[in-house]
Amino acid sequence: MTPDLTSYDSIIVAVSGGKDGLACLFALFEAGAPKDCLELWHHEVDGQGPSFMDWPSTSPYVSALARDFGLPLYRSWREGGFEREMLRKDAPTAPVLFESPEGLIRAGGQGPNGTRLRFPQISASLTTRWCSGVTKIDVADRALRGQDRFLNRRTLFVTGERAEESPNRARYAAFEPHRTDTRHGTRRRRHVDHWRPVHQWSEAQVWDSLKRWKVMAALPYRIGFSRVSCATCIFGDARQFATIRWLDPARACLSARPIPTVFTPAWEIPAGAFGQGGGPT
């Protein structure tokens, strides 16, 4: 079903730079969503620090997307990002920061002390696969709850989960009240619906959507990756991690970041030794 898009005061599209979020945006355009109600939200997995899990190219790509379509873009993140939460010891979960039309807002960070000290594991449970909940889902929820502009108004929150991706996602409803919905509350009423417009789409339909709108795929897709979220996503396979291992020295060669030391405990002859030119042919 397609909800009545003209009935909403705000339509928020969550974009990670991935193909499914883009297909959601194009589905909204094709369904006649009023452009002046649309806004893009992007969750920075690594916060505002250096790249640790996320692709460095994702943030510039999302910026270009918003600019090209003339849409407002609001970023949000958990302070310290993925790395801080992974290494959290005897400390509360870090606060969330999110951009809004009124400026940057900070929320949370006053919870009880706790310890994480573990990498997320592949699981349908968001307590075990904590990365999605901590760096994306809870961040979005706090941004929705933390802005009075959504009170006593109708908001549509749009995300790109597809049934084809996993049995767990196949069980998601295509349309339902969002977790932050309080339309029947007695105070601070907030009407928020959650729509997954591409839930029943195939991957081919998603790529056809990008082709129809002549929008180039994000850079990781163009070098062979099938997902664009974290560069070192826990759902990656051996080939993907082998590619990342190969890419890391190439990225370092093109970076001006400081080098902490020239000493190494395990010296190996470099691939360029005894070569005849500037690189492999």
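How many positive and negative side chains does the protein have, and how far apart do the centres of the two sets lie? Then please zoom in on strand S6: how many of its residues are buried, and how many bridges join S6 to S1 and to S8?

Mentor: Charges first: there are 37 positive and 30 negative side chains, with the centres of the two sets 2 Å apart. Lys and Arg count as positive, Asp and Glu as negative, leaving out His and the chain ends; the charge is placed at NZ of Lys, CZ of Arg, CG of Asp or CD of Glu. Bear in mind that this is a predicted model, where local features need pLDDT of at least 70, side-chain atom pairs need 80 or more, and totals for chains, interfaces and linings use all residues. Residues are numbered from 1 along each chain as its sequence is written, and side-chain values use heavy atoms, without hydrogens or water.

The protein has 8 helices and 8 strands, which are DSSP runs numbered from the N terminus (H or I, at least four residues; E, at least two). Of its 281 residues, 43% are buried, meaning under 20% relative accessible area with a 1.4 Å probe, protein chains only.

Now S6, residues 154–158: 4 of its 5 residues are buried, so the strand is largely enclosed by the rest of the structure. S6 runs parallel to S1 (residues 10–14), joined by 4 bridges, and also parallel to S8 (residues 191–195), joined by 5 bridges. Strands count as paired when DSSP finds at least two bridges between them. Look at Val158 in S6: Val13 stands opposite it, and in S8 its bridge partner is Trp195.

Technical notes: Buried < 20%, exposed > 50% of the residue type's maximum accessible area, 1.4 Å probe, protein only.
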